[in-house]
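Please keep the sequence and the model side by side as you read.

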Amino acid sequence: KIYLRDIENGKALMLYGIDFSAHEAYPIEVGDLLGGSIICDYDNYYGIHEVKTNTFTDVSEIYVTEGTAPNPTKVSLTDILALNNICDYVLVQGTIASEISGTKTNYFVVDEDGNKVQLYKGLDVSGFAGDGKTYYITAVFNAIYSGAAELQPITVTKNDPTAISNVNAETTSDNAI
């Protein structure tokens with residue numbers, strides 16, 4: 001999967017199943033700029049905008065220019081629940097909670113208003129769940145399952161990166177050197 005963000009209008013979509021392995025610029029790196037023409041199919045897969053390969057797809061017409069890694073779009077969980085920023089690289093803020101469903105544990109990001117969005121696949125967030133701390137989560141908004149938005153987490157960082165935590169004291173010996 002390759003996720004594309006249009007630099008003109010900020011809209012995003014997913015290239016699904018399109019094989020770039022034979023392209024001269026392979027591997028395509030995060031932040032690279034893609035342009036040109038390609039024949040493919042469009043599919044609205046449960047609300048996700050996918051551009052899919054077909055028998056006429058030829059990636060050789062796509063040009064790739066080295067770019068810089070994109071910044072995530074800062075959004076609220078309200079935006080995600082309204083299905084805004086689909087297929088985009090986003091930054092959300094909240095606590096991480098877990099719920100047991102049968103034999104499976106599901107993880108969610110929860111904001112201060114109680115809105116919650118499932119964190120699915122991607123980074124293992126189990127170590128952050130239930131500690132009550134607020135985190136910044138970068139993710140790709142890549143799924144809508146049974147009408148509910150899901151985020152694929154990429155990184156989780158503490159809300160206040162300047163806070164001091166885990167202070168350890170070192171003891172010195174009185175031995176002469």
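Which side chain of opposite charge is nearest to E150, and how many Å away is it? In this predicted model, the answer is K104, at 7.4 Å. E150 is buried and has no salt bridge, because a salt bridge needs a side-chain nitrogen within 4 Å of a carboxyl oxygen. E150 belongs to strand β12, which covers residues 148-158. Leaving out neighbours within four places in sequence, its contacts include V117, Y120, F141 and Y145.

Strand β12 also gives two or more residues to the largest nonpolar core, a set of 24 residues. Within this core, I80, V92, V109, I137 and L151 have the most contacts. The largest share, five residues, is supplied by β11. Looking at I80 itself, and setting aside residues up to four places away in sequence, you will find it touching V75, V90, V92, V117, F141, A149 and L151. Another core lies apart, with six residues, among them L15, V51, V59 and I62.

L15 sits in β2, opposite I2. Strands β1 (residues 2-5) and β2 (residues 12-16) run antiparallel and are joined by four bridges. Their hairpin has six residues between the strands, and G10 adopts a positive phi near 80 degrees there.

Now for the cysteines. The structure holds zero disulfides.

| Cysteine | Relative accessible area | Setting |
|---|---|---|
| C40 | 26% | partly exposed |
| C87 | 1% | buried |

Note on methods: Residues are numbered from 1 along each chain as its sequence is written. This is a predicted model: local features need pLDDT of at least 70, side-chain atom pairs count only at pLDDT 80 or more; totals for chains, interfaces and linings use all residues. Side-chain values use heavy atoms; hydrogens and water are left out. Buried means under 20% relative accessible area, exposed over 50%, partly exposed in between (1.4 Å probe, protein chains only). Lys and Arg count as positive and Asp and Glu as negative; His and the chain ends are not counted. Contact means heavy atoms within 4.5 Å. Two strands pair if DSSP finds at least two bridges between them. A disulfide is a pair of cysteine sulfur atoms within 2.5 Å. A nonpolar core is a set of buried Ala, Val, Leu, Ile, Met, Phe, Trp, Tyr and Cys residues joined through side-chain atoms within 4.5 Å.
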